[in-house]
Each structure stands twice: as structure tokens, then as C-alpha cells.
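Q: I would like to go through the packing of this model. Could we begin with the core and then turn to the aromatic rings?

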Amino acid sequence: MKTFINFSIAVYVLAGSLLLVIPSGIFPVFYKPTLMASLAFVSAFLIFLPRIIFRKPVDEKKKRALIKFQFLITFILLINGIGGLGLYKLYKIGFEYDKLMHFVSPLLAVLFGSAFISVWFRKNAKIALVITVSLILLGGVLWEILEATSDKFLGTTLLGGGENLIAVDTAKDLFMNVIGTILGAIIFLKKRGLTKKLP
């Protein structure tokens, strides 16, 4: 996992650098090289950030939890980044990559995030799950607001479906977030053997 994490950081830094130096005319018309380069550098920083915030864990269990948490961030950023490179256009042939990301990302975030909070902050598994689910659902709403803001002020087209279908697309995104979160919570509870203890 460490190798994958470090490799991903290097790839983002390299990609960001190339986007800044390669003539913009080479890229597809929907690319925004400067913005995408900025996002690549931000992604590299976000992957590295947990090492800064959660420094030098002595406990071996905490070390493993931190690496898995970094892996979560890395994987989610990569699959979303790949979508931004063009896979999101698969909707033209009937496959909504965007909706898949809105399902997979929360599901993984629940599993890895709950485990991280439980281990690092020594929280009961159910409490860790409640905290994680709350943060993910809030994050999903904030993400949609961020997309709308970016489209308005930066000229991006993150909100799909065209102007007439923005509300529908946003509702679908939030729905997939909820479905992914619920499934992740069920899997987490089953793995911890807590489903039988639910009221």
C-alpha cells in the first residue's frame, strides 16, 4: 500500500507539471490544463496530508490504520481523477461513470473511514460509524455545492445533464451517495459482527 501511495503522489506531481508545460492545444478541448494541474497538485497534497496531521504513531495498529486511510484517499482521488480525464464522457454510450463514483466513493469511505476513526481515536465501532456516515453525507452535499460554484465561476461543467437537468443530476448524485453509504455501513457492521446487536 505504501508503494502505491507514494507512486500516486509522484504521478500527480508529474501530471500537474506536464499540464503546465505542454501546449494546451495538444489536449482535448474539454481539458482546462491550468485548473487540472492545480487539482493534480492539490490531490498529491491531500494524499500526503494525513502524514502531517497524524504524525509518528507509536502503536503498530495505528500505523496500519493510517496507511489504509491514506490508501482510501489515494484510491478515491485516482478513480475520480480518471473520470475527469475523460471517462465521465461514457454517459454518451449509456454508462454513467459519475454515478458509479458517487456510489463507490462513499462505500469505501464508510469502510476505511470508520475503521480509521475507531482505531486512531479509540472510538466504539458504532460511534465511529455514525461519525463517518455523518461526515460522508455532509461531504456529499458540500461537494455538489462546490461543483455548482466551480461551474459558475471557473467555467467548468461538473454538474451534468445541461442546465435543464442539473437538479435531476444532483438528486441522482446524492441518491447514489446515500445508497453507497448505507451499503458500506451494512458491510462494516457485518464485518464487526454488530448486526445482531442492533435494536
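Predicted model: local features only at pLDDT ≥ 70, side-chain atom pairs only at ≥ 80, totals over all residues.

Q: Which residues touch the most other members of the largest nonpolar core?
A: They are Tyr-12, Ile-47, Val-110, Phe-116 and Leu-129, in a core of 32 residues.

Q: And which elements give two or more residues to this core?
A: Those elements are helix H1 (2-21), helix H2 (33-53), helix H3 (60-84), helix H4 (97-120), helix H5 (125-154) and helix H6 (166-191). The most comes from H4, which gives nine residues.

Q: What is Ile-47 in contact with, leaving aside its neighbours within four places in sequence?
A: Ile-47 is in contact with Ile-5, Ser-8, Ile-9 and Tyr-12, and also with Gln-70, Ile-73, Thr-74 and Leu-77.

Q: Changing topic: how many aromatic pairs does the structure hold?
A: It holds nine aromatic pairs. One of them is formed by Phe-54 and Phe-116.

Q: Why is the pair of Phe-54 and Phe-116 edge-to-face?
A: The ring centres of Phe-54 and Phe-116 are 5.1 Å apart and the planes stand at 75°. Planes over 60 degrees apart count as edge-to-face, so this pair qualifies.

Q: Where do these two residues lie in the chain?
A: Phe-54 is in the loop between H2 and H3, and Phe-116 is in helix H4, so the pair links distant parts of the chain, 62 residues apart.

Q: Are they buried or exposed?
A: Both Phe-54 and Phe-116 are buried. They also belong to one aromatic cluster, together with Phe-69, Trp-120 and Phe-121.

Q: What about Phe-71 and Phe-75?
A: Their ring centres are 6.0 Å apart with the planes at 15°, so that pair is stacked. Both residues lie in helix H3, four residues apart, about one turn of the helix. Phe-75 is partly exposed, with a relative accessible area of 31%.

Notes. Residues numbered from 1 in each chain as written. Heavy atoms only, no water. Core = buried A, V, L, I, M, F, W, Y, C linked by side-chain atoms within 4.5 Å. Buried < 20%, exposed > 50% of the residue type's maximum accessible area, 1.4 Å probe, protein only. Contact = heavy atoms within 4.5 Å. Phe/Tyr/Trp six-rings, centres within 6.5 Å; stacked < 30°, edge-to-face > 60°.
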